[in-house]
Amino acid sequence: MSLPVTADRISADRERGERTEIEFCLLIQKHGYYTFRFQEGRSGSAVLERNQEHIVLPDVFAISNSGMFFAEVKSKYPNKHGSFGLEKYRALSLLTFKSYIKSPVLYAIYDTKAEKWVWNDIAILMQKPFKEFESKTYFAGGVKSLPTLYFKKKWFLKIEKGGKLNFPLFFGHSPQLKP
């Protein structure tokens with residue numbers, strides 16, 4: 001049974017999302033990166049626009065002298081099948097964005113059950129045999145049933161390993177510009 005959707009619940013979810021983005025940025029900054037939150041101060045998603053086409057931007061941009069990346073940041077509890085969801089429109093926007101910028105776009109999750117951060121590149125996740133189901137989600141100020149992609153928890157890497165950022169390998173190399 002899902003909780004009723006109220007203005008207070010939507011507001012609480014937005015506040016939790018903002019706290020999660022800030023915690024992620026602090027973690028990444030600890031490793032020498034500067035961060036920028038695209039959603040800061042916004043009530044809706046930040047988008048790139050061209051005519052009628054919209055590309056939803058990831059939540060965070062991070063850059064250091066060793067490289068740069070973008071991240072979609074969420075706090076989630078894995079479902080009963082051990083998967084994390086991401087709305088299909090958002091996943092496809094992230095892939096489109098990645099095709100333009102030619103930089104890593106990571107799906108970063110604070111796993112509320114395991115109490116740890118995990119991530120993987122959206123392009124790597126989209127190559128996996130994910131499942132797609134309709135799920136209720138917040139969209140355009142309300143709740144709608146939208147196609148959602150579910151990625152197995154085991155496909156994600158711990159963000160930190162041995163005191164360093166544990167970047168996913170993509171096509172045999174790390175997303176960092178310098179080794």
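## Around Phe151

Leaving aside neighbours within four places in sequence, Phe151 is in contact (heavy atoms within 4.5 Å) with Gly82, Ser83, Phe84, Leu86, Tyr107, Leu125, Met126, Phe130 and Phe156. Before we go on, please note that this is a predicted model, in which local features need pLDDT of at least 70 and side-chain atom pairs count only at pLDDT 80 or more, while totals for chains, interfaces and linings use all residues. Residues are numbered from 1 along each chain as its sequence is written, and side-chain values use heavy atoms, with hydrogens and water left out.

Phe151 also belongs to the largest nonpolar core, which has 21 residues. A nonpolar core is a set of buried Ala, Val, Leu, Ile, Met, Phe, Trp, Tyr and Cys residues joined through side-chain atoms within 4.5 Å. Buried means under 20% relative accessible area, exposed means over 50%, and partly exposed is in between (1.4 Å probe, protein chains only). Which members of this core touch the most other members? They are Leu86, Tyr107, Ile122, Phe151 and Phe156. At least two residues of this core come from each of β6 (83-87), α2, β7, α3 (122-126) and β10. There is also a second, separate core of 17 residues, and Ala71, Val73, Leu106 and Trp117 are among them. In soluble globular proteins, nonpolar side chains tend to be buried together.

## The chain as a whole

Let us step back for a moment. The protein chain has three helices and 13 strands. Here helices (H or I, at least four residues) and strands (E, at least two) are DSSP runs, numbered from the N terminus. Of the 179 residues in the protein chain, 42% are buried. Among contacts between residues at least 6 apart in sequence, 61% join residues at least 24 apart.

Not counting residues up to four places away in sequence, Leu125 touches Tyr107, Asn120, Phe130, Phe151, Trp155 and Phe156. Leu125 and Trp155 are 30 residues apart in sequence, yet their C-alpha atoms are 7.3 Å apart in space.

## Helix α2

Helix α2 covers residues 88-101. The expected span of a helix is 1.5 Å times one less than its number of residues. For the 14 residues of α2 this gives 20 Å, and the end C-alpha atoms are 20 Å apart, which agrees.

Which residues of α2 are buried? They are Arg90, Ala91, Ser93, Leu94, Phe97 and Lys98. These residues cover an arc of only 160° around the axis, which puts them on the same side of α2. The arc is that of the directions from the helix axis to the C-beta atoms. Just after α2, Lys102 takes a positive phi of about 55°.

## Salt bridges

The structure holds 12 salt bridges, each one a side-chain nitrogen of Lys or Arg within 4 Å of a carboxyl oxygen of Asp or Glu. In one of them, Lys98 meets Asp121 at 3.0 Å, N to O. Lys98 lies in helix α2 and Asp121 in strand β8 (residues 116-121), so this pair ties together parts that are 23 residues apart in sequence. Are the two partners buried or exposed? Lys98 is buried at 12% relative accessibility, and Asp121 is buried at 3%.

Glu132 is in strand β9 (residues 131-139) and Lys88 in helix α2, 44 residues apart. Both are partly exposed: Glu132 has a relative accessible area of 39%, and Lys88 has 28%. Lys153 and Asp111 also form a salt bridge, their closest N and O atoms being 2.9 Å apart. Lys153 is in the loop between β10 (142-152) and β11 (157-158), while Asp111 is in strand β7 (residues 105-111), 42 residues away. Lys153 is partly exposed at 28%, whereas Asp111 is buried at 0%.

## Two loops

Ser66 is in the loop between β4 (60-64) and β5 (67-76) and is buried, at 17% relative accessibility. Its side chain makes a polar contact of 2.8 Å with that of Ser64. A polar contact is a pair of N or O atoms within 3.5 Å; within protein, one must be able to donate a hydrogen and the other to accept it, and residues adjacent in sequence count only if both atoms are side-chain atoms.

Tyr33 lies in the loop between α1 (7-29) and β1 (34-37), and this residue is buried, with a relative accessible area of 4%. Tyr33 and Gly67 are 34 residues apart in sequence and 8.7 Å apart in space, C-alpha to C-alpha.
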